[in-house]
Amino acid sequence: MNLHEYQAKRLFAEYGIPVPAGDVARSTDEAVSVARSLGGGRWVLKAQVHAGGRGKAGGVRLVEDLETLDRVAGELLGSRLVTPQTGADGLPVEALLVEQPQDIVRELYVSVLVDRARERLTVMTSAAGGMDIEAVAAETPEAILTEAVDPVAGLQPYQCRKLGFRLGLNAAQVGAFSRILLALVRLFQEQDCSLVEINPLIVTGDDVLLALDAKINLDDNALYRHKALAELRDPLQEEPRERQAREHGLNYVTLDGNIACMVNGAGLAMATMDLIKLHGGEPANFLDVGGGATAEKVAEAFKLILSDTKVRAILVNIFGGIVRCDLIAEGIIQAVREVDVSLPVVVRLEGTNVESGRRLLGESGLDLIPVDDLTEAARTAVAAAAAGSR
């Protein structure tokens with residue numbers, strides 16, 4: 001689950017991480033009111049969407065007076081912001097963060113994330129703040145500095161000082177930098193995050209370090225421990241089908257192809273998508289119905305698939321382990337009848353009671369295509385999609 005910048009900055013402030021003064025506005029009147037409360041004669045309006053690259057897309061605007069602020073706020077609110085991370089449809093702008101501009105001397109990059117290779121938290125920093133960190137890592141990997149966090153001892157002050165001095169900060173700045181890093185790691189651990197990022201962390205003309213931007217990703221699996229954070233979810237920032245899937249306990253990601261996949265298990269789903277690609281097709285989605293696939297879940301999965309107008313064929317690939325193949329077959333038959341599926345449905349079952357499951361599919365009287373081999377199932381689905389596209 002992602003937080004908006006203004007939500008992340010509120011968390012930062014709770015942990016003593018310095019952020020610019022500002023507040024969120026959901027109307028032009030609120031934006032003008034926030035600007036007046038901040039004082040000064042210049043303000044920055046920042047569109048609140050769950051995507052990077054807002055500045056280049058016109059989602060971060062500097063205004064010089066209240067009249068311009070009112071006009072620009074009206075242009076942004078209610079619009080859809082398209083960035084390289086949103087896709088062609090963009091994301092809706094329902095809120096703005098209003099802040100005063102800062103006197104920026106330097107821009108740094110700081111993040112805390114899980115390094116799966118090291119199997120521990122890692123602090124990542126770079127002097128190339130304000131830039132696309134993926135591009136920095138690809139083009140100048142030596143500019144990325146990291147320190148692993150010991151799972152028992154935690155992040156140590158000497159590690160923070162080491163990073164600070166390598167970034168070229170002076171002694172006073174290194175002290176503030178260390179406090180920020182220690183607070184970020186504490187926030188990450190206490191709030192069960194999957195990523196905490198500041199890009200950029202700025203050094204101002206007054207020698208103050210400020211988190212000019214803030215990004216926090218939360219671990220969905222731990223949200224039951226953080227009811228207040230779970231309530232911060234913004235469903236308008238999520239793809240509608242993905243939001244609907246989550247409500248039914250399904251793992252769904254929309255893709256650009258025309259062959260829908262319904263699989264139980266994330267690894268099997270990835271393998272299924274790879275085989276579709278290998279044989280010349282394009283997956284329309286990632287859909288994991290889970291190990292305990294029921295008729296109700298399968299029916300909801302079909303509804304999700306059919307809501308995508310690009311889909312020309314459906315490949316169901318289920319391994320019957322926790323739930324037997326005959327029960328899965330009954331669920332598929334019930335779901336296809338209930339949802340009235342008119343597209344070609346290729347079904348590959350494997351596992352416990354697989355012969356009974358295949359027999360039920362074959363005797364159902366429905367236009368189902370049972371296939372024993374996964375490779376053959378992928379080929380059949382690609383051919384069916386190609387025929388349906390003509």
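**Close-up views of the predicted chain**

**Figure 1. Overview of the chain.** Among contacts (heavy atoms within 4.5 Å) between residues at least 6 apart in sequence, 67% join residues at least 24 apart. The model is a predicted one, in which local features need pLDDT of at least 70 and side-chain atom pairs count only at pLDDT 80 or more, whereas totals for chains, interfaces and linings use all residues. Residues are numbered from 1 along each chain as its sequence is written, and side-chain values use heavy atoms, with hydrogens and water left out. The chain holds 13 helices and 18 strands, taken as DSSP runs numbered from the N terminus (helices H or I of at least four residues, strands E of at least two). Its C-alpha trace spans about 80 × 50 × 40 Å along the principal axes. Of the 390 residues, 49% count as buried, that is, under 20% relative accessible area, with exposed meaning over 50% and partly exposed in between (1.4 Å probe, protein chains only).

Figure 2. Leaving aside residues up to four places away in sequence, Phe-12 touches a set of residues including Ile-17, Val-19, Leu-184, Leu-187, Val-196, Ile-198 and Ile-216. The set also includes Glu-197 and Asp-213. From Phe-12 to Phe-319 the separation is 307 residues in sequence and 45 Å in space, C-alpha to C-alpha.

Figure 3. Glu-147 and Lys-162 meet through their side chains in a salt bridge with an N to O distance of 3.1 Å, the criterion being a side-chain nitrogen of Lys or Arg within 4 Å of a carboxyl oxygen of Asp or Glu. Because Glu-147 lies in strand β9 (residues 144-148) and Lys-162 in helix α5 (residues 157-166), the pair ties together parts that are 15 residues apart in sequence. Glu-147 is buried at 9% relative accessibility, whereas Lys-162, at 41%, is partly exposed.

Figure 4. The side chains of Glu-300 and Lys-303 form a salt bridge at 3.5 Å, N to O. Both residues lie in helix α10 (residues 295-306), three residues apart, which is about one turn of the helix. Glu-300 is buried, with a relative accessible area of 17%, while Lys-303 is partly exposed at 34%.

Figure 5. Glu-350 and Arg-358 form a salt bridge in which the closest N and O atoms are 3.4 Å apart. Glu-350 is partly exposed, with a relative accessible area of 28%, and Arg-358 is buried at 16% relative accessibility. Elsewhere, salt bridges with shared partners join Glu-5, Lys-9, Lys-46, Arg-54, Glu-99 and Asp-213 into one network. The whole structure contains 24 salt bridges.

**Figure 6. Negative surface patch involving helices α2 and α3.** Asp-29, Glu-30, Asp-65, Glu-67 and Asp-70 form a negative surface patch, made of residues with over 30% relative accessible area and no salt bridge, in which like charges are joined within 9 Å (for nonpolar side chains the limit is 5 Å). Helices α2 (28-38) and α3 (66-76) each supply at least two residues of this patch. Asp-70 is located in helix α3 and is partly exposed at 33% relative accessibility.

Technical notes
Accessible areas come from the Shrake-Rupley method with a 1.4 Å probe; for residues, only the protein chains shown count as cover. Lys and Arg count as positive and Asp and Glu as negative; His and the chain ends are not counted. The place of a charge is taken as NZ of Lys, CZ of Arg, CG of Asp or CD of Glu.
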